[in-house]
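Work through the exercises below with the model open. Try each task before reading its solution.

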Amino acid sequence: TAGPKDIKVHIVDVESRELVYALIVAAEGLGPLVTRTFEMEIPVGAVANKKISYTNPYPAFRTFTMRCNQPWLLQFTPPRLQLPGGATRPLG
């Protein structure tokens, strides 16, 4: 998730069960960059399919997992893309 997060880390001696070291790790995650948006008008109860293409922006092979925070509303086919650097593949 995006935003700051503090994580407590405790190192404990397993034999004596004494705290050896404690620290707080602070991290901040950024949300994904939105590069394209799509608008669709769909009648209530209808199903629509839209094909889009995705390009690997990296110079090397990568695997991408497509997810939505509303899976009842939007599903990706295929949900995983394995793309060589700079390659483009359709979704939908």
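Helices, of at least four residues, and strands, of at least two, are DSSP runs numbered from the N terminus. The model is predicted.

**Exercise 1. Surface, contacts and charge**

Task: State what share of the residues is buried, then describe the surface and the charges.

Solution: 
- Step 1. Buried residues make up 8% of the 92 in the chain.
- Step 2. Take the accessible surface. The chain has about 8500 Å², and carbon and sulfur atoms account for 55% of this.
- Step 3. Turn to contacts between residues at least 6 apart in sequence. Of these, 35% join residues at least 24 apart.
- Step 4. Count the charged side chains. There are 10 positive and 7 negative ones, and the centres of the two sets lie 16 Å apart.

**Exercise 2. The aromatic cluster**

Task: Find the aromatic pairs and classify each by its ring geometry.

Solution: 
- Step 1. Count the pairs. The structure holds two.
- Step 2. Start with Y54 and F64. Their ring centres are 5.1 Å apart and their planes stand at 65°; the pair is therefore edge-to-face, as planes over 60 degrees apart count that way.
- Step 3. Y54 sits in strand β3 (residues 52-55) and F64 in strand β4 (residues 62-65), so-called distant parts of the chain, 10 residues apart.
- Step 4. Go on to Y58 and F64. Here the centres are 6.4 Å apart and the planes are at 20°, so the pair is stacked.
- Step 5. Join the pairs. Y54, Y58 and F64 form a cluster.
- Step 6. Check accessibility. F64 is buried at 14%. Y54 is partly exposed at 27%, and Y58 is partly exposed at 37%.

**Exercise 3. Backbone exceptions**

Task: Locate the cis peptide bond and the residue other than glycine with a positive phi.

Solution: 
- Step 1. Recall the background. Most peptide bonds are trans, and most residues other than glycine have a negative phi.
- Step 2. Inspect omega. The bond from T77 to P78 is cis, with omega near -5°. P78 lies in the loop between β4 and β5 (80-83).
- Step 3. Inspect phi. R17 has a positive value, near 60°. R17 belongs to the loop between β1 (3-12) and β2 (19-29).
- Step 4. R17 is exposed, at 72%.

**Exercise 4. Around P90**

Task: Which residues does P90 contact, leaving aside its neighbours within four places in sequence?

Solution: 
- Step 1. P90 lies in strand β6 (residues 88-91).
- Step 2. Judge exposure. At 53% relative accessibility, P90 counts as exposed.
- Step 3. List the contacts. They are I52, S53 and P78.
- Step 4. Compare with L19. P90 and L19 are 71 residues apart along the chain, and their C-alpha atoms are separated by 53 Å.

Methods. Residues are numbered from 1 along each chain as its sequence is written. This is a predicted model: local features need pLDDT of at least 70, side-chain atom pairs count only at pLDDT 80 or more; totals for chains, interfaces and linings use all residues. Side-chain values use heavy atoms; hydrogens and water are left out. Buried means under 20% relative accessible area, exposed over 50%, partly exposed in between (1.4 Å probe, protein chains only). Contact means heavy atoms within 4.5 Å. Accessible areas come from the Shrake-Rupley method with a 1.4 Å probe; for residues, only the protein chains shown count as cover. Lys and Arg count as positive and Asp and Glu as negative; His and the chain ends are not counted. The place of a charge is taken as NZ of Lys, CZ of Arg, CG of Asp or CD of Glu. Rings of Phe, Tyr and Trp (its six-membered ring) pair if their centres lie within 6.5 Å; planes under 30 degrees apart count as stacked, over 60 as edge-to-face and the rest as tilted.
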